[in-house]
Amino acid sequence: MAVHRTRLELLWINKHERPRLEPRILIEEPKRSYPQGTQSAENRLIHGDNLLALKALEQEFTAKVKCCFIDPPYNTGSAFAQYDDGMEHSLWLGLMRDRLELIRSLLAPDGSLWISIDDNEAHYLKVLCDEIFGRRNFVANVVWQKRTSPDARLRLGDAHDHILVYAKNVDRLALNRVPRSDRQRKSFRNPDQDPRGPWASSDYSAQGYRPNQMYEIVTPGGATYRPPVGTCWKNTEEVFRSLVADNRIWFGKDQMGVPRRKTFLFEREDVAAWSWWDNGEVGHNQEAKKESIALFGAENAFATPKPERLLRRVLDIATNPDDLVLDSFAGSGTTGAVAHKMGRRWIMVELGDHCDSHIIPRLKKVIDGADIGGVSQAVGWAGGGSFRYYRLAPSLLEKDAFGQAVLARGYDERMLSEAVCKLQGFTYAPSEMIYWQHGYSTERDFIYVTRRQFSAAELLLLSEEVGPSRSLLVMCRAFSGNPAGLRNLTVRKIPREFRDNCEWGRDDYSFVNFRDGSMSAHVSPKI
């Protein structure tokens with residue numbers, strides 16, 4: 001009898017339909033980079049559809065991103081008002097699935113993904129992420145207290161958002177501890193005037209039974225204690241006596257109390273992060289709104305931004321200085337601004353017009369040291385750094401008057417070479433000395449991209465130049481003769497070689513109507 005193997009998965013309408021993405025190249029616009037003309041900045045701001053941008057980043061940045069924070073559209077109902085509930089969720093899940101798969105490939109082996117979401121889709125998204133990342137790579141569902149008071153419009157006041165945290169590989173994930181909050185520090189006191197400073201005490205008993213930890217303790221005041229039922233002391237008697245000698249056991253002011261272990265503040269300036277984030281520690285919606293008004297003015301402020309302290313907490317836990325941070329739903333640029341102030345490298349992607357109207361002015365203020373709000377003072381930010389601005393290149397192929405796929409007219413020779421290198425899986429690296437070396441896949445395997453047509457004689461001469469120890473893929477408009485006998489050359493025609501590989505000419509994958517292939521309007525995200 002045949003055994004059918006199944007797996008637990010989330011199903012939705014048209015789940016198995018996937019876009020055939022064109023791996024676009026990125027075009028820098030130096031006038032929008034800052035300072036203008038900068039060439040060395042590793043920080044990148046990309047204007048364009050984020051699914052195409054993630055695909056464009058894949059070749060260069062696979063396994064290099066330490067932390068990805070995204071704040072996608074929450075699918076509260078307004079984005080898909082024209083669809084029924086099943087189609088609405090299907091559209092949103094398809095949107096997220098396609099992006100999350102690319103994000104996973106970009107994450108470093110020790111990297112992590114942090115997704116801000118609310119109750120509308122949080123639980124569907126959790127199951128979707130379990131499929132993509134593996135359930136064992138789920139780290140936590142952080143609950144962020146986003147409000148300072150209940151929402152009176154609801155039957156049960158909405159007080160929190162979720163931040164789902166996933167590791168690329170949980171066995172390699174190492175998260176940082178976080179500084180103690182002022183409220184936590186206040187629990188450390190020094191009633192016995194210990195010269196080592198403030199301390200807090202903890203229970204000296206532990207669950208379980210260990211024969212060598214079941215001794216009797218007599219306090220300096222003469223009281224006698226044994227471990228409570230079902231417990232033992234935390235250490236052996238020998239260790240306990242050494243702790244007493246070092247004044248690390250507290251018996252109360254009268255020296256008659258149950259023994260407690262002292263832990264000094266200087267030993268525990270930081271703590272392991274946990275999944276409840278109080279708004280007093282990481283900010284709230286009102287704080288974020290005030291930050292946005294201070295940056296952009298009341299008329300241009302974002303409706304639902306995230307506070308900078310929230311992003312600082314994420315980056316404190318997930319990254320170290322010089323790590324690479326990605327946000328593919330950049331909104332007003334909060335992630336990049338905070339990453340910049342904290343000495344992290346960053347990549348942000350944004351399709352909306354606010355890429356130019358909000359993000360660029362915000363980053364300029366950060367770089368100039370003119371942004372004194374948010375976390376600037378807390379992290380000691382005084383300005384510096386730079387970023388480079390990119391846009392997605394147009395599609396490589398377009399249709400001519402007869403409906404045939406041809407090379408787009410806007411592509412010059414350099415753009416064509418870079419685009420074909422990316423399509424064919426080669427690293428674009430044109431040689432200044434050898435005209436036919438436009439890119440490479442190995443130390444001896446190269447690619448040559450040209451619009452010219454080759455004769456058989458010209459291919460023979462080219463083969464002799466390449467030599468027997470190297471191989472060359474020639475991508476050209478046309479050729480004559482039979483190059484099969486030239487063992488070091490592979491000759492292919494463009495665009496015929498790749499015209500069926502992708503969905504050419506499509507610039508917006510924001511929301512896809514799977515029923516008729518049309519696209520709805522882009523919905524701006526919230527950061």
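The secondary structure of this protein, which we see here as a predicted model, comes to 13 helices and 28 strands. Along its principal axes the C-alpha trace spans about 105 × 70 × 60 Å, and whereas a compact globule of 527 residues would have a radius of gyration near 24 Å, this protein has 30 Å. Of those 527 residues, 49% count as buried.

The largest nonpolar core has 44 residues, and Ile-70, Leu-100, Leu-113 and Leu-125 are the ones with the most contacts inside it. Helix α2, residues 85–106, gives the most to this core, with eight residues. Apart from this core lies another one, of 34 residues, including Trp-144 and Ile-360. As a general point, in soluble globular proteins nonpolar side chains tend to be buried together.

What does Leu-100 touch, if we leave out residues up to four places away in sequence? Its contacts include Ile-70, Leu-113 and Leu-125, and also Cys-129 and Phe-133.

Finally, consider strand β4, residues 107–117, which is largely enclosed by the rest of the structure, because nine of its 11 residues are buried. Strand β3, residues 65–70, runs parallel to β4 and is joined to it by five bridges, with Phe-69 finding its bridge partner in Trp-114 of β4. Strand β6, residues 160–167, runs antiparallel to β4, and six bridges join the two; here the bridge partner of Trp-114 is Val-165.

Note on methods. Residues numbered from 1 in each chain as written. Predicted model: local features only at pLDDT ≥ 70, side-chain atom pairs only at ≥ 80, totals over all residues. Heavy atoms only, no water. Core = buried A, V, L, I, M, F, W, Y, C linked by side-chain atoms within 4.5 Å. Buried < 20%, exposed > 50% of the residue type's maximum accessible area, 1.4 Å probe, protein only. Helix = DSSP H or I, 4+ residues; strand = E, 2+ residues; numbered from the N terminus. Contact = heavy atoms within 4.5 Å. Pairing = 2+ DSSP bridges. Rg over C-alpha atoms; globule rule 2.2 N^0.38 Å.
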